[in-house]
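Visitor: Before the discussion begins, may the sequence and the structure be shown together?

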Amino acid sequence: MQSPVHPKVKAFAALIKRWGKFRLGLLLWLSLLALLVMGHYTYAALFAVEVDWSMLKAQSILVMFASPVVILIVFYLVLHLNAALLYLKDSAHQERLLNQNMQDSIRQLNFEIEERKKAFQAKRRAVDELRKEISERKKTQQELEEQSLLIRSIVDSSPDLFYYRDENGHLASCNKMFEIIMGKTSQELIGFHPAELYTEDSAQAAILTEYEAAAEHTELTLDVEFVKQDGQILWFEMRKVPFYDGQGRYIGLLGFGRDITSRKLAEQALEKAYQDKGKFIATLSHELRTPLNGIVGLSRRLLDSTLGPEQHSWANTIFSSAETLGNIFNDIIDLDKIDRQDLDIVYQSIHIQGFLNDIANFAELICQQKGLNFILRCQGDMDTYLKIDATRLRQVLWNLLNNAVKFTAHGQIGLDCTLNANHAQLLFKVQDTGIGIATAEQERIFDMYYKSTDGRRLSIVGSGIGLSVSRALVEAMGGEVSLTSKPGEGSCFSILLPTEQVSAPSDTTVSCPELVILLIEDVPLNAEIAIALLEQRGHSVIHAETGEDAIALLETEDDIDLVLLDMQLPDMSGDQIARYIRNESHLQSIPIVVLSANVRKAEEQLTDIQVDGALAKPINTNKLDQMLAQLFSPSALKLQQLSPGTEVDTENQILDMATLQDYMQSLGPDAMKRSAQLFAQLLPGYINKMIEAAVQQNPEDFKESAHKLKGAAASVGLLWVQQQAKMFEQGPAGWHGMERQLVDYHLKIEQHLAALQEFIEANS
């Protein structure tokens, strides 16, 4: 507790400081003197005595001299006491502040100690985590190194070659197979541009070449031929994929190469086998067509002669059978149609009753040979014309009737035909009373080359393709075929076809002037029939059996209007004669129509020769009349006399509208859709082969691929694509930039193909 002296001392010290020592001392000195005098007077007054002046004087003198000293001493003591008190107070305050600071420091120190403890614990935890992370990173790094080593081992042990090129085209990585093929180690390859390592004509450069390297940066797959130093030829399927970073910037190219030598050799062997098979079939067909041509021609002449009704019916059946067989030969030659199940379906206006009568005549003949009865049952109005492919339908029905007779020992064969009221569907049923088909085999009976395992059928000889071909033909016509059968009770094959009623075909003929025709044909029977057909139409025919005779007649006869040219002659080929005619100025204006059992092959042989048409053998009279009318009717002649300036500019025309409309009417939209889809599937292969040939600067392969593309484009009516392919076929102007040009060509074809599909959809 604070002493009461201190405030008074403090107040007195303050008074001294305010008044000053001299003034306050003087005041106190005077006050003491006054107090002394007043004390004497007061004492005298109180006690009624007289003032003792001597004493007062002595006391006054004492006070006067002693009081200043006392006052100074008091002042000194008071001031020093006050200073001491202030110092003590300040010391106490400083002590309190120091204590407070010490307490704050202690608290801060305690807080820092706690924080340091926490930081130390956190540091220990962080160190533990860091150690754990380091351990995990080491483990992960070890696993990555092991995986990298494993992947590298796998890549190096792979039979496929691999390489990576950076954005500048320098090699950045490769595997062992790539080193073997390139003939250099990775140290000699990595970091170098291919142009620094190999010449442009080296086999290694073909492996590394990309089309216009970084212009498009699109994926590319092509087959590359590689010739080793020892002369061994290897084939690689090269797939090249561009790499991009997160911003879409091109950063490199990854290349894979798979050894496809065995596949290429197999393809070449298969292609040779196909060619050999095609030559065999073509030769066999040509040999078979010689007697067939006689059957067609002579039966046609029989039909034009005076015959009884029954004889006329038989002759008509012979003619229809031979004509159908000739069409079948066309499909046998054109094997690619069978491979892609895209047989041509040609719809015509057919009198259904007459068609059924021809089928019945055929069925009665084969049934009579085996002692079976044949029954034809019809429901609906058969005295009408329907839109059907008579050749294909006849082929299917004959196949089913033959099978029915083959597997029926006794009883009857029935053919039911039902035409619904609105003429939209035609139903055929071929029934027999034969051995029937087991239930387990009914699902497979339509498979190609399938033969029944039933012991009762082992003695039957057959190829196993008849029913499969029949189903393919029915489905191509938009129909369905089905089977119901019980073993021992017979079978019933049903065919349901969509159709429509049409008007009878017009019998009008286009007038054609009398012509002098040079027929170049080495087979006498074929020549006899062709001469008969032409002379029947009022034309004069000059016959030449060899190419030498034909050339001699061309030089000596001045009034020849048309040349009918057989492609196979004993002394020279048809294309040699055609080239001779087109190379002679005085013969160039004579139209040439090719006669061949394989029209497509003949057209391919005469690609670079201008011919005016082609007819398949045996000659179809309707097609012959159409060909002559097209070439020599007044309207056709007028078109031929138009000046060059009036010709239609087809440079920018995308589609061949005339061909497409003809195909749409004859084949139908479904067949055209299939053709367009097939072209779309084949297109990348054609383009890749052309790019491959361009990279290797192989003009023969390039022209061959362009020729195939041209033919495919013509088949689907892509006029511009066909014209461009023809330009490529005639020979590239230069190899530089050809790869980029082909890529642009491919994109353009895709656009034209889309236009073709839109046309088909719009006309469906």
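Visitor: In which helix is Leu46 found?
Guide: This is a predicted model, in which local features need pLDDT of at least 70 and side-chain atom pairs count only at pLDDT 80 or more, while totals for chains, interfaces and linings use all residues. Residues are numbered from 1 along each chain as its sequence is written, and side-chain values use heavy atoms, leaving out hydrogens and water. Helices (H or I, at least four residues) and strands (E, at least two) are DSSP runs, numbered from the N terminus. Leu46 belongs to helix α2 (residues 21-47).

Visitor: Is Leu46 buried or exposed?
Guide: Buried means under 20% relative accessible area and exposed over 50%, with partly exposed in between (1.4 Å probe, protein chains only). Leu46 has a relative accessible area of 65%, and is therefore exposed.

Visitor: How much accessible area do Tyr43, Leu46, Phe47 and Val49 have together?
Guide: These four residues form a nonpolar patch on the surface. The patch rule takes residues with over 30% relative accessible area and no salt bridge, joining nonpolar side chains (Val, Leu, Ile, Met, Phe, Trp, Tyr) within 5 Å and like charges within 9 Å; a salt bridge is a side-chain nitrogen of Lys or Arg within 4 Å of a carboxyl oxygen of Asp or Glu. Areas come from the Shrake-Rupley method with a 1.4 Å probe, and for residues only the protein chains shown count as cover. Together, Tyr43, Leu46, Phe47 and Val49 have about 450 Å².

Visitor: What percentage of the residues in the chain is buried?
Guide: The secondary structure comprises 25 helices and 17 strands. The accessible surface of the chain is about 44000 Å², and carbon and sulfur atoms account for 55% of this area. Of the 764 residues in the chain, the buried share is 38%.

Visitor: Which residues does Leu709 touch, not counting residues up to four places away in sequence?
Guide: A contact requires heavy atoms within 4.5 Å. With residues up to four places away in sequence set aside, Leu709 touches Phe679, Leu683, Tyr686, Ile687, Met690, Ala725, Tyr745 and Ile749.

Visitor: Which strand pairs with β9 in the antiparallel sense?
Guide: Strands pair if DSSP finds at least two bridges between them. Strand β9 (residues 412-419) has six of its eight residues buried, and seven bridges join β9 in parallel to strand β7 (residues 373-379). In the antiparallel pairing, also over seven bridges, the partner of β9 is strand β10 (residues 425-432).

Visitor: What is the relative accessible area of Ser494?
Guide: Ser494 lies in strand β12 (residues 490-498). Beyond its neighbours up to four places away in sequence, Ser494 touches Leu427, Phe428, Lys429, Glu480, Val481 and Ser482. Ser494 counts as buried because its relative accessible area is 15%.

Visitor: Why are Arg107 and Asp104 separated by about one helical turn?
Guide: The two residues form a salt bridge, with the closest N and O atoms 2.0 Å apart. Arg107 is partly exposed at 46% relative accessible area, and Asp104 is partly exposed at 31%. The separation is about one helical turn because, in helix α3 (residues 53-157), Arg107 and Asp104 are three residues apart.
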